[in-house]
Amino acid sequence: MKALVYDKNSKSKISLCEKENPKIIDPKDAIVEVTLSSICTSDLHIINGMVPRANNNIILGHEFVGKIVEIGSDIKNLKVGDRVSANCETFCGECYFCKKGYINNCKKGGWELGCRIDGCQAQYVRVPFAEMGLTKIPDNVSDRNALFVGDILSSGYFGAEMCEIKPDDTIAVIGSGPVGMCSMICAKILGAKTIIAIDINEKRLNIAKENNLADYYLNPKTCDIEKEIKAITKNKGADGVIEAAGFSNYKNTQANHNFTPSKPYDWENDSTLELAWKIARPNAIIGVVAMYEENQVLPLPLMYGKNLTFKTGGVDAIHCEKLLKLISEGKINTDFLITQTFKLENILEAYELFKTQKDNCLKIAIEE
Ligand SMILES: NC(=O)c1ccc[n+]([C@@H]2O[C@H](COP(=O)([O-])OP(=O)(O)OC[C@H]3O[C@@H](n4cnc5c(N)ncnc54)[C@H](O)[C@@H]3O)[C@@H](O)[C@H]2O)c1
Ligand SMILES: [Zn+2]
Ligand SMILES: [Zn+2]
């Protein structure tokens, strides 16, 4: 079969190769024929060498839908022919962390697909613990409707959930990329009264606006972002901030980065984590969904009395069934995120486009 393989020692880091079809190796496995997959910013982090857990020579990809073509003998709730959406995480459902819902830290799994074991940017993929990680897609939900359920939509939900949203809350979302937009959708679902979308890319803010994802659309390039947020929140600051941008430039600026309290946010040099704690009100929660490529600095003495809560991490994608139901009921629609579609044989071109974000590229659907 055709597959997109990561090779950290090659110049291009990725290539389209012929690989053997995957086989069932455990009774809890299923083999899925991938009908649609996507490329995630986290795939780019692997290619950039920024994911220490990633194994070399694996097939990339962890965001997909498909059809089950083979199941292991232990699987009861799925059958050959089922159309399924896949969780980006592999989890046993039985260990201490799984029982608490912290599936990203499953003792036997976590982010495995397309990171530690072969992923979905291929014609077929083996999914371990398939009963846990595959969710049947309702009949009225198409493959395209369901494509993002197991990764970026779950991540958006995770970010919104981290903020413990109360009905009157104003939630600021930094980054109006695919994950940030999913966070806006989910913050609304979880009851936020006011949503503020923030991005330096005006086109992306416009896409969020066209889809009515927020109440305010702010570009730190063209406004004093802290002042604007103060004006919107009557001087209080945001009740919750979802950090879905993940930008920092410490390599160039750390030497003179002294966090002067009065210095306004500088979008070209300051980390978006810095923006997050600056626009948060005292006692706010900051949900960090973004994955940074550098260590981050928190000036704790400066923010001492602000009493902030930071929550971070890889998504615990435990709401796939609920999200599919919301899609089925017409309450969530992420179709607008698919800006281009490519055949698997042209996936290298798709990577190039995704990386450069040309042609307003948000997410690419890769089809067989
Ligand atoms: N936690 C998880 O499990 C999980 C899952 C999926 C993705 N992610 C991470 O979430 C992050 C976002 O993913 P994405 O696919 O939406 O990425 P993306 O790169 O498409 O979007 C990031 C957005 O941030 C904006 N941005 C950059 N610098 C900015 C600044 N200074 N101020 C305001 N906005 C700025 C960019 O213009 C862009 O639109 C990535 O780091 C990705 O790896 C995490
Ligand atoms: Zn991902
Ligand atoms: Zn587990």
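Just after α5, Glu 164 takes a positive phi of about 45°. Helices here are DSSP runs of H or I with at least four residues, strands are E runs of at least two, and both are numbered from the N terminus. The model is predicted: local features need pLDDT of at least 70, side-chain atom pairs count only at pLDDT 80 or more, and totals for chains, interfaces and linings use all residues. Residues are numbered from 1 along each chain as its sequence is written, while chains are lettered from A and ligands numbered from 1 in the order in which they are written.

Stay with α5. A kink of about 30° is centred on Ser 155. That bend is the angle between axes fitted to the seven residues ending there and the seven starting there. Of the 14 residues of α5, 14 are buried, so the helix is largely enclosed by the rest of the structure. Buried means that 20 or more other C-beta atoms, placed from the backbone, lie within 10 Å of the residue's own; exposed means 12 or fewer, and partly exposed lies in between.

Now the whole chain. Its secondary structure comes to 12 helices and 15 strands. The radius of gyration is 20 Å, close to the 21 Å that the globule rule gives for 368 residues, so the chain is as compact as a globular protein of that length. The radius is taken over C-alpha atoms, and the rule is 2.2 Å times the number of residues to the power 0.38. Along the principal axes, the C-alpha atoms fill a box of roughly 60 × 45 × 40 Å. Of the 368 residues, 47% count as buried.

The chain is assigned two parts: domain 1 (2-148 + 334-367) and domain 2 (156-312). These bounds come from an automatic or database domain assignment. Their contact takes 11 residues from domain 1 and eight residues from domain 2. Contact means C-beta atoms, placed from the backbone, within 7 Å. On the side of domain 1 that touches domain 2, five residues are nonpolar, five polar and one charged.

Among the 31 residues around ligand 1, Gly 175, Gly 177, Ala 245, Gly 246 and Phe 247 come nearest. A residue is near if its C-beta atom, placed from the backbone, lies within 6 Å. α1 (41-47), α5 (149-162) and α6 (178-189) are the elements that give two or more residues to this shell.

Notes:
Contact = placed C-beta atoms within 7 Å. Nonpolar A, V, L, I, M, F, W, Y, C, P; charged D, E, K, R; others polar.
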